[in-house]
Amino acid sequence: MRLLNDKKIAIVGAGPVGLLMARLLQLKGAKTTVYERDLDRDARIWGGTLDLHKTSGQLALQKAGLLEKYYELSIPMGIKFADIQGGIMAVKSMTAEHRRDNPEINRNVLRTMLLDSLMPGSVQWDSHLVSLEAQNSAWRLRFANCAEATADMVILASGGMAKMRSIVTDEVVEETGSFIVQGDVPDPAVNLPEFYKLCDNHRLMVASGGNLLVANPLNGDKLTYGLIFKKPETWQGNLEQDLKIDFSDQAMASTYLKARLGGWSELYHSLIEKTTQFVGLPTRVLPLAQPWKPNRPLPITLIGDAAHLMPPFAGMGVNIGLMDATILTENLVSDRFSNVTDAINDYEKQMMAYAKAASAESRENELEMRDPDFDFRKMLQLA
């Protein structure tokens, strides 16, 4: 802990990566505060479940003393591969031997688990960072609620569209050419009984004509799904507001998706009809093609999606981010480095290598998944 003696560390972002970073540092006695734009800990996180891999995410939780709690709160799930008429072509069932390989956990459950592991008052809510400046020997953070804070070191874990990233790198986020429509159906056993029965406590995957549907019936009290396809050429813009479909318009989104899945069974059209909320998002990547900025005025770095946003086609994003937190913590509390900057530089060198490999794997899977000839045999290999 020599490098962090009497140092105040600010972590921006209370996602899984930022919270785990705080947990690991607190276990070592570091003075750590997390700043999060959500109003409070009860703010709901929307999205699909997360699965943590044994050699990355689970290893990070083990170092944080939270692995058994994760196993307790997560759900081991098999996968069913269906055709467009609802016929099951293959099943990858969960066995007792593999229950702990990569069980699924709800995002809100994971956040609560991590929050409960921190010291009281560790997270400052309603803290949307709007400026970050190096003043004398400290970072000055200013927030939208007019509050201010200072820190000796800043760790940006504020997600893929982190606005303060430019302090560390000139890389900018790019679209990859794919598009994901996410939806959810509350109380699926009642509202979507036939589809829910088809899933039978498994994730369900269907691929046809360049469309890939991935559904999870056990995401809290909802069934959540994503429909993935190549972004149509008629959607020329690179921002959501430039799209030809307003996915916040339920009727417009439903009409478009049912037309896109023309020829698919009514089973899938019912899924769309019962969806209570649609979100359409282009997939994005942060290239890691150039070195990050040297000679930063004070210690600062990026972890998680802020460091290496990648398409979600290999299940690597959160797992790589949790690796970031583990390696950065180990460097900061190590006696191997003479100063914090050297510890950060070593972390970034390691991160660049494994994040580039994960991003390349995600890209390869992305191109496979949106191929019109993609079939369940390939899905079985990727699952």
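Reader: What makes strand S9 (residues 138-143) a partner of S10, and how many bridges join them?
Author: S9 is joined to S10 by 4 bridges, and the two run antiparallel. Strands pair if DSSP finds at least two bridges between them, so 4 bridges make S9 and S10 a pair. Tryptophan 139 sits opposite alanine 151 in S10. One caution: this is a predicted model, where local features need pLDDT of at least 70 and side-chain atom pairs count only at pLDDT 80 or more, while totals for chains, interfaces and linings use all residues. Residues are numbered from 1 along each chain as its sequence is written, and side-chain values use heavy atoms, leaving out hydrogens and water.

Reader: Which strands stand at the edges of that sheet?
Author: The sheet is open and has 3 strands in the order S8-S9-S10, with antiparallel pairing. Strand S8 (129-135) and strand S10 (148-151) are its edge strands, as each pairs on one side only. The twist from one strand to the next averages 20°. Those labels come from DSSP runs numbered from the N terminus: helices are H or I with at least four residues, strands are E with at least two.

Reader: Why do S5 and S16 count as edges in the sheet of 7 strands?
Author: That open sheet has mixed pairing and the order S5-S4-S13-S14-S15-S12-S16. Strand S5 (88-92) and strand S16 (277-285) each have a single partner strand, so one side of each has no neighbour in the sheet. Within it, strand S13 (residues 203-208) and strand S14 (residues 211-219) pair over 5 bridges in the antiparallel sense. Valine 206 stands opposite leucine 213 in S14.

Reader: What packs on this sheet?
Author: Helix H8 (residues 266-273) does, touching strands that include S4 (79-82), S12 (174-186) and S15 (222-230). Its direction makes about 110° with that of S15. H11 packs there too, touching S12, S14 and S16, at about 70° to the direction of S12. Touching means contact, that is, heavy atoms within 4.5 Å. Angles are taken between N-to-C directions and run from 0 to 180 degrees, with axes fitted to C-alpha atoms.

Reader: Are H10 and H11 roughly parallel or roughly antiparallel, and how do you know?
Author: The axes of helix H10 (residues 317-332) and helix H11 (residues 340-369) come within 9 Å and cross at roughly 155°. Angles under 35 degrees count as roughly parallel, over 145 as roughly antiparallel, 65 to 115 as roughly perpendicular and the rest as oblique. H10 and H11 are therefore roughly antiparallel. Among the residues that meet are Ile320, Met323 and Asp324 in H10 and Val340, Tyr347 and Tyr354 in H11. The contact divides into 13 nonpolar, 2 polar and 2 charged residues. Here Ala, Val, Leu, Ile, Met, Phe, Trp, Tyr, Cys and Pro count as nonpolar, Asp, Glu, Lys and Arg as charged, and the others, Gly among them, as polar.
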